[in-house]
Amino acid sequence: MQVRQRWIAILGAAALCPSFLFGAGTISGKVTFTGTPAKQHPIDMSKEPSCAKQHNPPLMTEGVVSGPNNALANVVVYISAGGDEPNPPSVAVTFTQKGCQYGPHVLAMHTGQELDVLNEDQTSHNIHPLAKVNREWNKSQPPGTPPIKDKWDQPEFIEVKCNIHPWMHGWFAVLKTNHYAVSGADGSFSLPNLPPGKYTITAWHESGAKATQDVTIAGNETKTADFSIALKPY
Amino acid sequence: MKNFKTVYLFSAILSFILTAGYTTARAQDVPDVGPHPAGKPVEMESHIGNLTGHSEAAKLPYRRYCAGCHGDLGDGQGENTPWLDPKPRNFTLATFKCRSTPTGTLPLDSDLYNSVGRGFTNSNMPIWNALSNQDRANLVAIIKTFSPRWQKEKAGDPIKVPSEPPVTIESISHGKALFTKLECWKCHGPEGKGDGPSASTLTDSQDNPIRPYNFAAGTNDSRFKCGSTNEDIYKIFMTGVDGTPMPSFADTIQPNDAWDLVHFLRVLQVHRHGKENDVLKAAGGNIPPYVEKQAEAPSSQPEVRAAGGGK
Amino acid sequence: MHTWKQSRLCWNSPRVQSIVTGALVMIFLLLSGSQNASALPAFARKYGLRCSACHETWPILNNFGLKFRDNGYQLMNDRDAPIWQNPGYWPVTFRITPVWHRVSQLSNEDTYAGGVATGTPNDALARVTSSGFDLSGLDFHTGGTLEKNISFFVLPSSDPTAAFHFETVMARFDNIFGSPWLNIKMGRFELNNLLSEKRMVQLTGNGGIYQTYHFIPIGDGNIFGQLGDNQLGMEYVGHSYNDRTRVSAALLSSSDGNVNLVTGANSYSTYATFDQGIDLGRLGVDRFGAYVFAGQAATYYPTSGGTPIPGSGIQNKGFSRVGFTGQFYFGPHFDLNVVTQHGTDNSWFGQGYGNAINPTNGSAGPPLNNNVPGSLLPTGAQTPTWNGYTFEARYVYSPQLIFIGEYEAERMSQQANGPGCNTSAGPDCWSPSAGTFTAGPSPSNLGNINNYDFLIRYNPFMTSRAGMALQLEYSLFHQIGTGPTSPVTASSVNINTNELMFALDFAF
């Protein structure tokens, strides 16, 4: 019990400091999928010639982006319990519209962290985050205009779309933690700089499928946590 | 024996009433109006000018006038919702079309008050101006009880609307240039008929299909969802129509330029007898090209045909 | 003094009456819990609004429903034209009311001699009480828009024996030139009364009409001044955008709504109204208004074979009804409605001339009195004038439960038969009970009415699809000197009729 109290005291002290300076544990792993994912199809951008000409062959929709060995990309893996980081980082995250596509497709950020939206295309877009818990807003962004800046108060997975270009879909994963990662094309992710403690990790995919694991970090170890997301064809 | 007849007759009537009334009563049980987060209904006030509205006083009027479409819980799931298009407003989301405040912020009480009194054209939302002002203010207050956002957030700061400059052909011409540059035509179409390239794929925030406003349709009435005056148009595109594909252009248009766009949009309403249409007619029915001060980045856009001609 | 005849049901016991009535009242109160509150159900189905949106309690209109009606049954959101409806939508509503009621009224019973009716009245008047299950007539409403800003209404209506007539038939041009101040209607329609008789809730025989809208002095032959009857004509209506100010002016045929040109070439009347709604904050929107009904109707019909020739009426005389109207809200639950009337009929009407249509109150036949050339107005004939008052108080517990109490008073201020009647100088005045010109002056209160009506009305459900109400009503009607002639006093007794009714009112 005394050991635990000591760790709680240290953790409590850690809560007052920027947490990325403290703790060196890491949770990493791979995200794979089971089941049959929904079929993706090519995007017809003919209504926007300035974008269509940039993509030959056409882009595919990004509802499910998978890699070799059933790797699943664009999965947000984050600490859902056990961490305590009330302060958002002071750097902004960036969401770009280029070639009539959002980059990144899934953007994770902390509540209260500044979000910059850029339009690098020659056509107007409108940014329309379909928030249900946070405020829903909708702003037009013509080409050559400054970035749109905003921030989110509450944790939520927010679908983002452009009404002018209906194929454009993206996601904001607004989280209460700074310990998150978005899986890459090979399905891998890494959550570094974790103080010791017992954590619940959640993996979220935009199809709505989730998976959760409990991982305990003691000291500077690296723990592996793989996730398997069950996908359905529709 | 005559006494028994009386007794039987009225016992029959009584049991009839009891059975019929009681069974339909229980079958129609609905929860009290308003959200029940911890079992306690919320009470809110509204302030419009000198009027103060109270949500408690709106319970009966809400049931009478509103709940059939907006639902007893204000969630837009009234008994008639399946047959309505557009769907009734879901007050629990606290997203409103018609505001004086920036996109994503809560409207002023007066915005809701005006929306209730104006109704929404091309929808099933009636024009409730026959109600007393106090009833309307009370209904605004009860709308604010349906979403917890109203208790945590204040309404947005209303946008500043500068005074309208005179209607000139140059103003209309600049408006047309803005319409082209800002790519309004992508949804609204080059003549504002709601037939732009993206029009057919538009969906609102609940994924229901939605059409962009058709400026060319309509008679002298020419109402918009959010009003009918030039100032109303100004506010529409400077605050966006939240919950729909129509974004806010507040970050991209200078306030004075915005009035030029208003004047051009009026000219797209070809059936309306307005000052802007008169000015266009006096100028020969053609909008001269706008002389820009600097070269613009090239953008993909079709030829925007001269609108109206005063017809 | 008269004795009460024993009725078959021992309902006469006041104790039994009050116990059962009280129990029924309690039942209604118990059942009025918080319910889904929601007319013409056809309108409710078309627009997806609950009945309660337009109706204080169906069918009484509230301010929003009044605006809907003034707009030509349109919500004015460009969705009113029939093209917006599913083609299967049929703008039809029917309403019919099965009832149980008990009516008690006075009557002359014949005497019997040797087991045979003699045809002469008894020594005493009889109170006849009858009761049983019964039906109302059927109303078949169809109304709405033919096109944007062109509305219509057709209402074939039947009596309980399924004998149909056209109660309302009209087409209307609404919002001409886009202005709510210009609406023109033509056909057979209810007059623009702020307190509407056709949309009242009362169902009993005497309570189911407003006496002020139908008052005819005793012996008066003018049936054409009845505000409560639907009339044939054209009507202009103008109203402000929010319906606070309303004006109307109608040109009507003086036919009391009867078709086939039964009166004459010059029988026209006009009806004009004005009312203003004032927003009184917490009290609600109160209305004050006034009306004028002025017209002419014929007093002479040439006859053919003794029967008046329809449409031949001439020698028109005038009549008028003027008054104030008020609709006073005291908060969301209570309102008081008031109508006053000052009525005047020409002296010829007072002496029974005119009315070739319904001389004996329903059946066509020779006029009571035909103003044939050479007729003289009896000496002592006066212009019958009267003042009428209607007070209707409503307590709306919820849109589904309403209590109504109504009182009406009609007071003659000048009788048709004045002090100069039945003197040696000149012909005598008209005696309706004797059917001849034999009468002397009338008592000053002859024909005065006191009418009371109380009811509770409960809607077990109120949605946007159909309507139903359970109603318990009691009506008490007094009129002076129009009852059967008492063989004891040889003069007409006062009418004293009461009715208790339980009704199951429904509409789809």
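Chain C has 5 helices and 24 strands. Helices (H or I, at least four residues) and strands (E, at least two) are DSSP runs, numbered from the N terminus. Of the 508 residues of chain C, 47% count as buried. Buried means that 20 or more other C-beta atoms lie within 10 Å of the residue's own, with C-beta atoms placed from the backbone; exposed means 12 or fewer, and partly exposed is in between.

This is a predicted model, in which local features need pLDDT of at least 70 and side-chain atom pairs count only at pLDDT 80 or more, while totals for chains, interfaces and linings use all residues. Residues are numbered from 1 along each chain as its sequence is written, and chains are lettered from A and ligands numbered from 1 in the order in which they are written.

**Chain A: domains and sheet**

Chain A is assigned domain 1 (1-35 + 65-85 + 177-234) and domain 2 (92-176). Such bounds come from an automatic or database domain assignment. Domain 1 of chain A gives 9 residues to the contact, and domain 2 of chain A gives 10 residues. Contact requires C-beta atoms, placed from the backbone, within 7 Å. On the domain 1 side, strand E4 (76-81) and strand E14 (180-182) of chain A each give two or more residues.

Chain A also holds an open sheet of 4 strands, ordered E6-E5-E8-E11, with mixed pairing. Two strands pair if DSSP finds at least two bridges between them. Strand E6 (101-103) and strand E11 (148-150) of chain A are the edges; each has a single partner strand, so one side of each lacks a neighbour in the sheet. From one strand to the next, the twist averages 20 degrees. Strand E5 (residues 93-98) and strand E8 (residues 115-119) of chain A run parallel, joined by 5 bridges. A:Thr94 faces A:Asp116 in E8(A).

In chain B, the axes of helix H2 (residues 59-70) and helix H4 (residues 133-143) come within 10 Å and cross at roughly 85 degrees. Axes are lines fitted to C-alpha atoms, for helices over the stretch in contact, and angles run from 0 to 180 degrees between N-to-C directions. H2(B) and H4(B) are therefore roughly perpendicular, a class covering 65 to 115 degrees. H2(B) contributes B:Pro61, B:Tyr62 and B:Cys66; H4(B) contributes B:Asp135, B:Asn138, B:Leu139 and B:Ile142.

Between chains, 27 residues of chain B are in contact with 24 residues of chain A.

**Residue classes at the contacts**

Ala, Val, Leu, Ile, Met, Phe, Trp, Tyr, Cys and Pro count as nonpolar, Asp, Glu, Lys and Arg as charged, and the others, Gly among them, as polar.

| H2(B) with H4(B) | 5 residues | 1 residue | 1 residue |

Definitions and conventions
Contact = placed C-beta atoms within 7 Å. Parallel < 35°, antiparallel > 145°, perpendicular 65-115°, else oblique.
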